[in-house]
Amino acid sequence: MPNEYIVSGTLLFGDDFEIRDGYLVVRDGRIREVGSGRAEAQIEGLVCPAFVNAHTHVGDSIIKDPPYMPLADLVGPPDGLKHRALRAATRKAIAAGIRSTLADMAATGTGHCADFREGGAAGARLLQELAGGRATVLGRATEEEAVEDVLRCADGLGFSGANDLPRDALFAMAQKAKDRGKMVGIHAGELDRSDIDTALELMPDFLVHMTHATARDIRRARDRGLPVVVCPRSNAAAGAGCPPVKAMAEAGLLLGLGTDNVMINAPDMFAELEWTSKAFLHDDARALRMATLDGARLLGLGGRKGSIAPGKDADLLVLSQNSNNLRCSKNQLSSLVRRARPDDIAYFICGGKVWPNSSRKS
């Protein structure tokens, strides 16, 4: 595509996803202008922001669909199945798995992800290299003295849980990240609620899961201004239960949506959207915000990503309104959330670069 081009069609415009006919002028990777009415353009369709997948573990792509087993045996550090697999894998094999998953996420509409990356500084550097700015990389250090190396090459720290590290080490590492203006994310309440109190006390930038959060836990998270990323399909697959998504939404928490571990869950945000709206919220616009703008906001990227507005990154999905799946829709936002699939993508646009027919390969 040329350096400047037009995208036209039905826009889900602005932070409220206003449905209107319009066009976008994209130049140098940004949305430079938004106009009303259709314009002549090569790229046409239902135009919405690309997804922000707010919680992934792309390094675990090397071991997809293991046998069902207790969650602690599957992912618990240091000797859960995933950790043994990562230790045994070569850098080349891990890189190949990550590269394939990044391509799969693009082909299913994700423009940016937030990843909890194992492997210390080397693991964080590998993902930064492969993602090329399309990921917020939250690294892990198993020893307090190694955290400096991780923070030099990561966007912050992503902790597996408050029960997995000595309390003093956990708080010391988190403080080092905060002192450097880096992010802190932590899993909490996934298997039970035993780690929630400490996670709340840590005051991270966001919590992940909160599957077993009580009404009091939700109020405390809200009162402290702590966002939560929920991963409903992953929780169900891992036998962890169902997160109280509706209660969190009604309490006013800022909520993001993630597909979690590639080992057990394909990184398909269309599937996550449908599941979240139909099974939990019955609110299509809120589910879409979780998958786009609110995910960007909790990562500190709301000024750049997650909605269609002048000045924002041109991270966009253009869906075919004439696909067999979407034809005859009377509510295009709801159809996007409840039934759209990757094969409905006519164009995937990331940083202004255009790939037709969800064909991105890298």
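This tour moves through a predicted model, naming at each stop what to select and what is found there.

Begin by displaying the open sheet of 9 strands, whose pairing is parallel and whose order reads 12-11-10-9-8-7-6-5-13. Strand 12 (255-257) and strand 13 (260-261) form the edges; each has a single partner strand, so one side of each lacks a neighbour in the sheet.

Next, select strand 5, residues 51-57, together with strand 13: these two run parallel and are joined by 2 bridges. Within this pair, locate His57, which stands opposite Asn261 of strand 13.

**Thr276 in helix 11**

Remain on helix 11 and select Thr276, which lies in this helix. Is Thr276 buried or exposed? Its relative accessibility is 0%, so Thr276 counts as buried. To see its surroundings, display Pro232, Val245, Leu257, Leu281 and Met290, the residues in contact with Thr276 once neighbours within four places in sequence are set aside.

**Helix 3 against helix 4**

Two packed helices are described by the angle between their axes and the distance between the axes. Select helix 3 (residues 91-107) and helix 4 (residues 120-131): their axes come within 10 Å and cross at roughly 40°. Helix 3 is therefore oblique to helix 4. The crossing of helix 3 and helix 4 is right-handed.

To view the contact itself, show the side chains on both helices. Helix 3 contributes Arg91, Ile94, Ala95, Ile98, Arg99 and Leu102, while helix 4 contributes Leu126, Leu127, Glu129, Leu130 and Ala131. Colouring the contact of helix 3 with helix 4 by residue class gives 8 nonpolar, no polar and 3 charged residues.

**Gly123 in helix 4**

Keep helix 4 in view and select Gly123, which is placed in this helix. With a relative accessible area of 5%, Gly123 is buried. Which residues does Gly123 touch, not counting those up to four places away in sequence? They are Arg117 and Glu118. A distance label can then be drawn from Gly123 to Gly59: the two residues are 64 residues apart along the chain, and their C-alpha atoms are separated by 8.4 Å.

Move to helix 2, residues 81-88, and select its buried residues, namely Leu81, Lys82, His83, Ala85 and Leu86. The elements that cover these buried residues include strand 5, helix 1 (71-75), helix 3 and strand 13.

The peptide bond to inspect here runs from Pro77 to Pro78; it is cis, with omega near 0°.

Turn now to the open sheet of 7 strands, which has mixed pairing and the order 3-2-1-4-14-15-16. Its edge strands are strand 3 (30-36) and strand 16 (353-356), each of which pairs on one side only. On average, and ignoring direction, neighbouring strands of this sheet are turned by 35° against each other.

Select strand 4 (residues 43-49) and strand 14 (residues 316-319), an antiparallel pair joined by 4 bridges. Here Leu46 stands opposite Leu319 of strand 14.

Strand 2 and strand 3 form a hairpin with 2 residues between them.

**Two aspartates with positive phi**

Most residues other than glycine have a negative phi, and most peptide bonds are trans. Select Asp28, in the loop between strand 2 and strand 3; its phi is near 55°, a positive value in a residue other than glycine.

Finally, select Asp65, found in the loop between strand 5 and helix 1. Asp65 is not a glycine either, yet its phi is positive, at about 55°. Is Asp65 buried or exposed? At 62% relative accessibility, Asp65 counts as exposed.

Notes:
Residues are numbered from 1 along each chain as its sequence is written. This is a predicted model: local features need pLDDT of at least 70, side-chain atom pairs count only at pLDDT 80 or more; totals for chains, interfaces and linings use all residues. Side-chain values use heavy atoms; hydrogens and water are left out. Two strands pair if DSSP finds at least two bridges between them. Axes are lines fitted to C-alpha atoms, for helices over the stretch in contact, and angles run from 0 to 180 degrees between N-to-C directions. Angles under 35 degrees count as roughly parallel, over 145 as roughly antiparallel, 65 to 115 as roughly perpendicular and the rest as oblique. A crossing is left-handed if the near helix is turned anticlockwise from the far one by less than a right angle, and right-handed if clockwise. Contact means heavy atoms within 4.5 Å. Ala, Val, Leu, Ile, Met, Phe, Trp, Tyr, Cys and Pro count as nonpolar, Asp, Glu, Lys and Arg as charged, and the others, Gly among them, as polar. Buried means under 20% relative accessible area, exposed over 50%, partly exposed in between (1.4 Å probe, protein chains only).
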